[in-house]
Amino acid sequence: MSITKLHVKKGDTVLVLSGKDKGKQGKVIQALPKKNKVVVEGVNKVKRHTKPNQSAPQGGILVKEAPMFAAKVMLVCPACGKATRIAHKDVNGKSVRACKKCGEVIDQTK
Ligand SMILES: [Zn+2]
């Protein structure tokens, strides 16, 4: 089984396209290619009740971002600031992601 490559990855800024956080922008803090999901900072937050432990002797409510489908987010281009689809460019024989709107290469090429 091959791992599906997501169009976004950790560190990308993305725009939420649907759901209760529609229109919000946030940074991808985790990419889960096997599940086709991403965790976006400040988006899709859920409350979890936690049992008492050493750091929280009373137990408590933990607010945490839950994974959401990668298809629900769009990459925000760091160069032009617009939500965009991805184009692929060949740079020195390597396929990198580029902005479809302004053509800027998004991935760093080392
Ligand atoms: Zn752009």
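Is Asp107 buried or exposed? Asp107 counts as buried, at 13% relative accessibility (buried is under 20% relative accessible area, exposed over 50%, partly exposed in between, with a 1.4 Å probe and protein chains only).

1. Basis. This is a predicted model, in which local features need pLDDT of at least 70, side-chain atom pairs count only at pLDDT 80 or more, and totals for chains, interfaces and linings use all residues. Residues are numbered from 1 along each chain as its sequence is written, and side-chain values use heavy atoms, with hydrogens and water left out.

2. Domains. The chain splits into domain 1 (1–76) and domain 2 (77–110); the bounds come from an automatic or database domain assignment. Their centres, taken over C-alpha atoms, are 23 Å apart. Eight residues of domain 1 and 11 residues of domain 2 make the contact (heavy atoms within 4.5 Å).

3. Buried area. The two domains bury about 700 Å² between them, with 59% of it on carbon and sulfur atoms. Buried area is the accessible area (1.4 Å probe) that two parts lose on being put together, summed over both. Met74, Leu75 and Val76 supply 64% of what domain 1 buries against domain 2, more than any other three residues.

4. Salt bridges across the interface. The rule finds two between domain 1 and domain 2 (a side-chain nitrogen of Lys or Arg within 4 Å of a carboxyl oxygen of Asp or Glu). The overall count is four salt bridges. Asp107 lies in the segment after strand S10 (94–99) and Lys9 in the segment before strand S1 (13–16), so this pair ties together parts 98 residues apart in sequence. Strands are DSSP runs (E, at least two residues), numbered from the N terminus.

5. Asp107 and Lys9. Their side chains meet in a salt bridge at 3.2 Å, N to O. Lys9 counts as partly exposed, at 41% relative accessibility.

6. Arg97 and Asp12. Here the salt bridge is 3.0 Å, N to O. Arg97 lies in strand S10 and Asp12 in the segment before S1, so the pair ties together parts that are 85 residues apart in sequence. Arg97 is buried at 7% relative accessibility. Asp12 is buried too, at 9%.

7. Network. Salt bridges link Lys9, Asp12, Arg97 and Asp107.

8. Asp21 and Lys24. This pair also forms a salt bridge, with the closest N and O atoms 3.2 Å apart. Asp21 is buried, with a relative accessible area of 11%. Lys24 is partly exposed at 38% relative accessibility.

Conventions:
Helix = DSSP H or I, 4+ residues; strand = E, 2+ residues; numbered from the N terminus.
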